Amino acid sequence: MARSKISIIGAGAVGATVAQTLAIRQTGDIYIFDIVDGLAEGKALDILEGAPHWGYDLNIKGFCTADESKYAEMKGSDVIVVTAGLARKPGMSRDDLLLKNIGIMKSVGEAIKKYSPESKIVVVTNPADIMAYAIYKASGISPDKIIGLGGSLDSTRFRTFLAMELNVSFEDVNAFVIGGHGDDMVPFIRYSNVSGIPIEDLLPKEKIDEIVKRTRFGGGEIVNLYKTGSAFYAPGISIAVMVESIVNDRKRVIPCAAYITGEHAKNYLIENLFIGVPIKIGKNGVEHIYDIKFRDDELEAWKKTVESVKKNSAIADDYFAKNQ
Ligand code: APR
């Protein structure tokens with residue numbers, strides 16, 4: 001059977017961590033791309049040189065996209081992971097990065113359209129829901145093949161903090177975070193449990209509120225500790241899980257940024273834009289969107305996150321209108 005092919009655009013901290021994670025798990029051949037000369041080539045070779053120990057017999061190659069024709073090498077990818085962009089610095093909100101990263105998405109999206117329009121795309125560059133929209137606008141490919149990181153990472157942070165508080169296995173905590181991948185994300189308490197036991201039965205409200213707050217600022221907490229650069233280990237794994245669900249058609253249900261349209265638009269109060277909702281991820285990309293029946297208090301939080309996604313998506317619309 002032919003091996004899967006995964007292309008990773010951006011050989012920085014997140015891109016390289018995804019590449020190494022996928023190599024160790026032997027998920028498929030890995031092609032890495034970066035605009036900086038030597039960086040993708042170096043990361044690919046460095047990861048490959050570990051192969052004899054752990055026996056990952058894969059093609060792992062790097063390409064410099066200062067020469068844009070090098071993007072031709074991503075042709076036939078099952079999945080393209082987009083991490084190219086600028087990372088957050090201390091004191092900088094995710095939204096500050098918006099315009100710069102939209103410009104990068106335009107060039108990457110155009111390359112995808114030209115060389116590998118059949119691929120599924122996992123968009124990681126922040127803010128990921130808006131960047132997924134920008135890739136959609138720039139590439140014109142079917143939006144059900146585009147998935148933004150967000151909930152996958154926010155949820156693993158929420159689960160981690162809950163497991164630490166309850167002193168239980170990380171794996172037994174089910175919890176998810178929906179909405180935009182920004183400071184007004186919505187950790188969804190009612191659907192969060194430990195092996196089926198609702199967290200509201202296990203923790204007092206004040207403690208849950210504290211954990212929710214820590215989750216909302218989970219990315220910022222890491223930025224403040226690192227001082228230069230942002231999180232990449234948990235993001236790397238959160239992305240690898242999405243990639244593996246596509247290439248192995250696992251049909252994992254994970255909250256991620258997906259394109260909301262049709263009947264779902266009525267439920268989620270947002271239309272023809274990307275926002276974090278629970279989805280089924282398989283070989284076709286987004287295979288199902290699950291609607292949530294919101295209670296009144298939950299709806300308030302949801303409306304807030306919808307507003308900020310709409311606002312930032314409008315900035316992307318404006319950018320594309322001016323930069324055809
Ligand atoms: N084409 C290709 N690569 C690019 C381009 C471009 N136009 N612009 C920037 N890059 C590359 C940079 O050269 C760099 O190597 O993207 C890489 C980004 O890597 P880092 O700066 O290390 O950032 P990282 O921590 O990996 O985060 C990448 O993921 O989680 C998000 O917020 C994070 O948006 C950020 C992205």
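In this predicted model, a backbone N or O atom of I35 lies 3.4 Å from a nitrogen atom of the ligand, a polar contact in the sense of a pair of N or O atoms within 3.5 Å (within protein, one must be able to donate a hydrogen and the other to accept it, and residues adjacent in sequence count only if both atoms are side-chain atoms). L86 also takes part through a backbone N or O atom, 3.3 Å from an oxygen atom of the ligand. The side chain of N126 places an N or O atom 2.9 Å from a ligand oxygen atom. Taken alone, the ligand exposes 730 Å², and the protein buries 84% of that; such areas come from the Shrake-Rupley method with a 1.4 Å probe, and for residues only the protein chains shown count as cover.

Residues are numbered from 1 along each chain as its sequence is written, and side-chain values use heavy atoms, with hydrogens and water left out. Since the model is predicted, local features need pLDDT of at least 70 and side-chain atom pairs count only at pLDDT 80 or more, while totals for chains, interfaces and linings use all residues.

Around the ligand stand 19 residues, and the closest are A13, V14, D34, T83 and N126; a residue counts as near if one of its heavy atoms lies within 4 Å. This shell has 11 nonpolar, seven polar and one charged residues, where Ala, Val, Leu, Ile, Met, Phe, Trp, Tyr, Cys and Pro are nonpolar, Asp, Glu, Lys and Arg charged, and the others, Gly among them, polar. P127 itself sits in the loop between β5 (120–123) and α5; helices (H or I, at least four residues) and strands (E, at least two) are DSSP runs, numbered from the N terminus.

On a 1 Å grid over the protein atoms alone, a cavity is a set of points where a 1.4 Å probe fits but cannot get out, a pocket is an open set with protein on both sides within 12 Å along at least five of seven lines, and lining residues have an atom within 4 Å of a point. The structure holds one cavity of 30 Å³ or more, and the largest cavity has a volume of about 40 Å³, the volume being the space filled by probe spheres set on points joined across faces, edges and corners. Its lining includes A128, D129 and H181. The second largest pocket has about 530 Å³ of space. Of its 21 lining residues, S152, S155, T156, R159 and R252 lie nearest its centre, and α6 gives the largest share of the lining, six residues.

Finally, the aromatic rings. Rings of Phe, Tyr and Trp (its six-membered ring) pair if their centres lie within 6.5 Å, and planes under 30 degrees apart count as stacked, over 60 as edge-to-face and the rest as tilted. By this rule there are 17 aromatic pairs. The F33 and Y71 rings have centres 5.8 Å apart and planes at 25°, so this pair is stacked. Because F33 lies in strand β2 (residues 29–34) and Y71 in the loop between β3 (60–64) and β4 (79–82), the pair ties together parts that are 38 residues apart in sequence.
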